[in-house]
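Please find below a colleague's note on the model under discussion.

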Amino acid sequence: MIAVLKHGTTADQAQQLVTWLQHMNIDVHISEGQEVTVLGLIGDTSRIDMELLSSLEIVESVKRVSEPFKQANRKFHPKDTVIQVGNAKIGGGHFAMIAGPCSVESEEQIIEVATAVKASGADILRGGAFKPRTSPYAFQGMKEKGIELLLKAKAATGLPIITEIMNIRALDLFADVDIIQVGARNMQNFDLLQELGKTDKPILLKRGLANTLQELLMSAEYIMSEGNENVILCERGIRTFETYTRNTLDLSAVSVLHDLTHLPVVVDPSHATGKAKLVPPMALAATAAGADGIMVEVHNNPACALCDGAQSLTPAQFDSLNQQVQKIREAMV
Ligand code: PEP
Ligand code: MN
């Protein structure tokens, strides 16, 4: 339920109403705009008498919302959320290019890729240290050492870093990581989401392989309901009957999510397509669709990559993609 307060309501009057609602076991999310204050009522609102609430002097209007996601809902929070890490901003008109290898493989590799993508204009460095692999026999990532190497690359280039967490027990290792990624396979690991909700780190939440947009938003809600509102959503393709591509990129997700939520939306065309050749066109399409950022895999030697070489761009390919993306951005203003 949403209550819009009348222009001119004082902070004291608003607080009295909030306290009254809290006594009825309702959590209240307050969004103060320039013109009006919007209260998002979270919890069992079925016992609230809408007529009574509407009749209060300071209340302009009251509306029930049918969507089960409240904190992520744009209706409660009309303004775009902007996430800032280092000099990079994502959301609300700010666009971030996230690039780097699927996995951190060695110090030379991550420093070389980080230096190259920085020179081409990347804003954030990606690199997997803990890798969710389908086979237990495949390379599982460098783990703790991988995070250490990412931190070295961050120190060498000044780029903020993003890397995936698979188990909350590893959280201490992420203290200096700028954005924690929750991978597609963990989108509905609710315990993990709740624990990340108790931190104040930006979380990039990837859409699950077979999850709806509402499920994605409910997973964001798990993080936000614990207090962490710094969530970035990521469309990375979903599983369909099509086998030519690794997944099917759902580009309409960008527009739908922008309608439904204030959270930034990033697109990952690498995992969506599985083929390096398809990454630039899909990255450009995602930019044109209004994505707040693009995340692409870049490897200094894709043929020898320990993971996802087939979908990795070379630094030169990334350089040319980034220039094209910037042109699309310019054409959009
Ligand atoms: C990744 O980005 O490294 C990754 C494993 O992607 P996804 O979770 O989308 O498969
Ligand atoms: Mn990968």
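Predicted model: local features only at pLDDT ≥ 70, side-chain atom pairs only at ≥ 80, totals over all residues.

The points that follow treat the sheets, the metal site and the helix contacts in turn.

1. The barrel. Eight strands form a closed barrel in the order β7-β8-β9-β10-β11-β12-β13-β14, and their pairing is parallel. On average, neighbouring strands of this sheet are turned by 25° against each other, direction ignored.

2. Strand β7, residues 96-100, is joined to strand β8, residues 124-126, by two bridges in the parallel sense. Within this part of the model, Ile98 stands opposite Ile124 of β8.

3. The open sheet. A further sheet is open and has four strands, ordered β2-β3-β1-β4 with antiparallel pairing. Its edges are β2 (27-32) and β4 (59-63), each of which pairs on one side only. From one strand to the next, the twist averages 20°.

4. Strand β1 (residues 2-5) pairs with strand β3 (residues 37-42) over three bridges, in the antiparallel sense. Ala3 has Leu39 in β3 as its bridge partner.

5. The metal site. Which residues coordinate the manganese ion (ligand 2)? The donors are Cys102 through SG, His271 through NE2, Glu297 through OE and Asp308 through OD, at 2.0 to 2.4 Å. Along the sequence, these donor residues of the manganese ion (ligand 2) follow the spacing C-x168-H-x25-E-x10-D.

6. Helices α3 and α4. The axis of α3 comes within 9 Å of that of helix α4 (residues 144-157), and the two cross at roughly 35°. The crossing of α3 with α4 is right-handed. On the α3 side, the contact involves Glu107, Ile110, Ile111, Ala114, Thr115 and Lys118; on the α4 side, Leu149, Leu150, Lys152, Ala153, Ala156 and Thr157. Classified by type, the contact of α3 with α4 has seven nonpolar, two polar and three charged residues.

7. Helices α5 and α6. Helix α5 (residues 190-197) and α6 have axes that come within 6 Å and cross at roughly 45°. The two helices are therefore oblique to each other. Phe190, Leu193, Gln194, Leu196 and Gly197 of α5 meet Ser219, Tyr222 and Ile223 of α6. This contact of α5 with α6 comprises five nonpolar and three polar residues, with no charged residues.

8. Helices α6 and α7. How do the axes of helix α6 (residues 213-224) and helix α7 (residues 252-260) cross, and within what distance do they come? They come within 11 Å, and the crossing is at roughly 50°. Helix α6 is therefore oblique to α7. The crossing of α6 and α7 is right-handed. Leu213, Leu216 and Leu217 in α6 meet Ala253, Val256, Leu257 and Leu260 in α7. The residues of this contact of α6 with α7 are seven nonpolar, with no polar and no charged ones.

Conventions: Residues numbered from 1 in each chain as written. Chains lettered and ligands numbered in written order. Heavy atoms only, no water. Axes fitted to C-alpha atoms, helices over the stretch in contact; angles between N-to-C directions. Parallel < 35°, antiparallel > 145°, perpendicular 65-115°, else oblique. Left-handed = near helix turned anticlockwise from the far one by under 90°. Contact = heavy atoms within 4.5 Å. Nonpolar A, V, L, I, M, F, W, Y, C, P; charged D, E, K, R; others polar. Pairing = 2+ DSSP bridges. Donors = N, O, S within 2.8 Å, 3.2 Å for Na, K, Ca; no water.
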